[in-house]
Amino acid sequence: MAQVLKEKIAALDKLAPGVFKMTLKSEIIAQTALPGQFVNVKCSEGLNALLRRPISICNVDRDSNTFDIVFQIKGIGTEYLSQKKVGSEVDIIGPLGNPFRVEGEFKKIAVVGGGIGIFPLLNLLKASSAEHKDAFLGFRNKELIVLEEEFTQASDQLFISTDDGSAGHKGLITDLFINEIDKKKYDIVYTCGPTPMIKKVVEIAHKNNIRCQVSLEQRMGCGIGACLVCACKTRLGDEWEYSHVCKDGPVFWSNEVIFD
Amino acid sequence: MNNNVDLSVNIAGLKLKNPVIAASGTFGFGREYAEYMDLNKLGGISVKGLTLKPRQGNKPPRIAETPAGILNSVGLQNPGVEAFIKEEIPFLRQYNLGIIANIAGNTIEDYCEMAEILGDADIDAIELNVSCPNVKAGGIAFGTSCAGISEITKRVKAYCKKPLIVKLTPNVTDIKETAKAAEDSGADAVSLINTILGMAIDIHRRKPILANNMGGLSGPAVKPVAVRMVYEVSKTVKIPVIGMGGITTGEDAIEFLLAGAAAVMVGTANFVNPAACLDVIHGMEAYLRQYHIGCVSEIVGKLELNQ
């Protein structure tokens, strides 16, 4: 069950321009968080940047009771967070959200991530006991490639693409994913990132009868399922309804979600 | 010395153990918050705005953060009044708190039918939502004119067996007039303010952030406006006033009480701090102790204007 926690920053590292990894000491999160879950982080001292920022858990270390979040500076909240001092406390609520399904029935798995959507996928790869794990990560350019070493260690094979071709394949990460499908016969693909990429991965997965889980993003209010702002369309029989990313998600089965 | 402070209030027959009510639309039906706080500590809850039939609400994005506030355009997503009675009242009744059913509709008939359906339900009051800025039909359309408020208040009152609270919109020229119209038409209390209609623009996309283009502003940014309006209304009407708008601390709540509110609602603060209502209660208690005030109702309307 999620809790409001004040946790100490154990480390804060700049991974790329505007991208930071924060390691927080937290027994509760480290011991209970599941892959795909997030924490809702207070990103100011006062009343500006009023809302908490939902940030997915990138890694948990059960031995040292720490966990990592990685965030990109997007505005005043993340700017504030990037300037926190090691040893100071951060006010978080977590672990929140519906996690990825990583049980043993899936022997060959793939993760497809883009940009800041890659982070929950690292935690998933580490938690999965699948026999074969491939990671497909897309970035805008070489400078923004982060956690390459961690993803290499957590997967059997890592594929990278950049929009400008400054590293890896030039073009869409889904191009690389399509190339591997026939060879690898994945049981499931997990995806998180920009909506166009997610839609493409879902389309490929459905065409090839691969099960697929998506982690969605939407502007949130409370993060705990009360305010109902983070709506996303999901199927309800032949009809549809608005589910909520924070509590019903962020992880959904691809066939539950309706992409407009 | 007796340290006990009497926080209990009676708002037109709605008896609450303390004057802090979770505001409609920010607290669901209490379920999510029960994980973070003891709901027994709350004075009351005004539940998510109910409609006759379930509603899906507006397209996302439904929220935009603005300086010290938020804009929302949820659009009354809710399971409908029948589901509320069946599923949510039994849940809430496990706790010792006042239950206020906030109702909204497209037509006056919708409101009347809901008041009638709720007549036999185990609730403590009805809050008439004639001030939601986020739905196309009904809602705020009734709340922006005295004639509209009068008609809907009179007609719903005829079906209403519980205290009727009319929730007022700040999106009017003179809120004193709409408050008076509510009082004259049989409202037992008024609550204010609902959100202030606003807009936030993504300058890179040159589009509003909210899919609905406009939304309701709430949070600390609106507090001075809300305090002023509560003051004006409480000087105008004799029925109790429930004040809200940007309350995050006990000190904020005391401002509203001094301005004339008999009770307060806490809304947006719940999103930031799930136990915000409890912090407000504790803060009020501390203030009353500091000034050796034994009973919270003693400070209601005790504002002294500068001469």
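Two strands are taken to pair if DSSP finds at least two bridges between them. The model described here is predicted.

**Sheet of chain A**
- The strands of an open, seven-stranded sheet in chain A follow the order β10-β9-β8-β7-β11-β12-β15, and their pairing is mixed.
- The edges are formed by β10 (169-170) and β15 (251-253) of chain A; each has a single partner strand, so one side of each is left without a neighbour in the sheet.
- Helix α6 (residues 195-207) of chain A packs on this sheet, where it touches β7, β8 (132-139), β11 and β12 (211-215) of chain A.
- The direction of helix α6 of chain A makes about 170° with that of β12(A).
- In general, the strands of a sheet pair through backbone hydrogen bonds, in either a parallel or an antiparallel manner.

**Loop residue A:A49**
- A:A49 lies in the loop of chain A that runs between β3 (38-41) and β4 (53-61).
- A residue is classed as buried if 20 or more other C-beta atoms lie within 10 Å of its own; A:A49 counts as buried because it has 22 C-beta neighbours inside 10 Å.
- Leaving aside residues up to four places away in sequence, A:A49 touches A:C43, A:S44, A:I76, A:G77 and A:Y80.
- One of these contacts, A:I76, is 27 residues from A:A49 along the chain, with a separation of 6.5 Å between the C-alpha atoms.

**Contact between chains A and B**
- Chain A contributes 23 residues to the contact and chain B contributes 27 residues.
- On the side of chain A that touches chain B, β13 (231-236) and β14 (239-244) of chain A each supply at least two residues.
- That side of chain A comprises 16 nonpolar, four polar and three charged residues.

**Overall form of chain B**
- Chain B contains nine helices and 16 strands.
- The C-alpha trace of chain B spans about 55 × 50 × 45 Å along its principal axes.
- Of the 307 residues in chain B, 57% are buried.
- Among contacts in chain B with a separation of 6 or more, 72% involve residues 24 or more positions apart.

Methods
Residues are numbered from 1 along each chain as its sequence is written. Chains are lettered from A and ligands numbered from 1 in the order in which they are written. This is a predicted model: local features need pLDDT of at least 70, side-chain atom pairs count only at pLDDT 80 or more; totals for chains, interfaces and linings use all residues. Helices (H or I, at least four residues) and strands (E, at least two) are DSSP runs, numbered from the N terminus. A residue is buried if 20 or more other C-beta atoms lie within 10 Å of its own, exposed if 12 or fewer, and partly exposed in between; C-beta atoms are placed from the backbone. Two residues are in contact if their C-beta atoms, placed from the backbone, lie within 7 Å. Axes are lines fitted to C-alpha atoms, for helices over the stretch in contact, and angles run from 0 to 180 degrees between N-to-C directions. Ala, Val, Leu, Ile, Met, Phe, Trp, Tyr, Cys and Pro count as nonpolar, Asp, Glu, Lys and Arg as charged, and the others, Gly among them, as polar.
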